[in-house]
Amino acid sequence: MEKDLFDSRTVIVNTSATNTKYQMSCDTANGFMHCYHLFPGIDLAYSTFQASTCNMRSKAMPNILEIAYCRTGRFECEYKHGFITYLGEGDFAVSLLSPEREPPEFPIGYYDGVAFIIDLDITGLIFENIVEDVSISLKELIDKFCVGHCCSVIKTPPNLRHVFQEICEVRDTVPMGYLRLKVLESLFLLSQMLPQENFETAAYYSANQIKKVKALKCELANQLDSRETLKSMADRYGMSLTALKDCFKAVYGKPIHAFQREYKMQAATKLLVTTKMSIAEIAGMVGYENPNKFSTAFKEIIGQSPSEYRKSRN
């Protein structure tokens, strides 16, 4: 694929006849995409981001079909104008590339996955003559997965997930012939999937709902000692309790209380290492009146008691 597929600030790290590695324009220097040129018009891209946002592209490319699989992390996808969905661990997404309303986000700060990037101007709508008697109708894939030119995020069925995982596992050795076979296998399995109404698709949410949930997450991160009820949070943000809980989990991959609990324990680990505060004082800082309950929760999440953790880091 040509470099102009990406934002103009994207940098080519290295390139050869068979592959190109890019450093993407992110809010950190830790966004990379390594593309392998497998067939004319078809690249396989390994993507690794330790970032919150990324400038992926700046113009519509309706003749570029992208099929992405998330190994770990979360990726924000615009479902259609004004509505957003999320690609999470074990999901795959199918979309025709269009400019994002805003730069896409990685809500939990990282994303790792693979993607097939297919230039329909080169492949045509029927991908054929690669293996005898095997052809893949890319038009049928688009009609099936990209209804209304929307991005579909789908729970990956076991047989297809197994193939995606095999692709992920060879990223450091990358035998080109093997990758070509796995891409063909994936496209064949996608072509055999049942009609869209039988897919387990991810829910989508309005940009306004997403904005409220992100604001709530910032509140939770900045007010570790908060004991506000979920109902109170929902009322303050003008959302139903169900909508708030569902939308938060879609964005961050965890229920509100689980996210809040883990965030508190991560904050506590920093206090244990960087301060001389007592464990009781740290418990209070992160919203626990009872140090024993704090220690129990800390060990469940971190795997060591607070005192053991502090001792192991000193």
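Modeller: What follows begins with the chain and then turns to F127. This is a predicted model, in which local features need pLDDT of at least 70 and side-chain atom pairs count only at pLDDT 80 or more, while totals for chains, interfaces and linings use all residues. Residues are numbered from 1 along each chain as its sequence is written, and side-chain values use heavy atoms, with hydrogens and water left out.

The protein chain holds eleven helices and 15 strands, where helices (H or I, at least four residues) and strands (E, at least two) are DSSP runs numbered from the N terminus. Its C-alpha trace spans about 70 × 45 × 35 Å along the principal axes. Of the 314 residues in the protein chain, 47% count as buried, a term that stands for under 20% relative accessible area with a 1.4 Å probe, protein chains only. Among contacts (heavy atoms within 4.5 Å) with a separation of 6 or more, 65% come from residues 24 or more positions apart.

Within this chain, F127 lies in strand β12, which covers residues 126-131. F127 counts as buried because its relative accessibility is 7%. Leaving aside residues up to four places away in sequence, F127 touches V134, S135, I136 and L138, as well as F39, I42, L184 and L187. As for K139, that residue is twelve residues from F127 in sequence, and the C-alpha atoms of the two are 9.6 Å apart in space.

Notes:
Buried means under 20% relative accessible area, exposed over 50%, partly exposed in between (1.4 Å probe, protein chains only).
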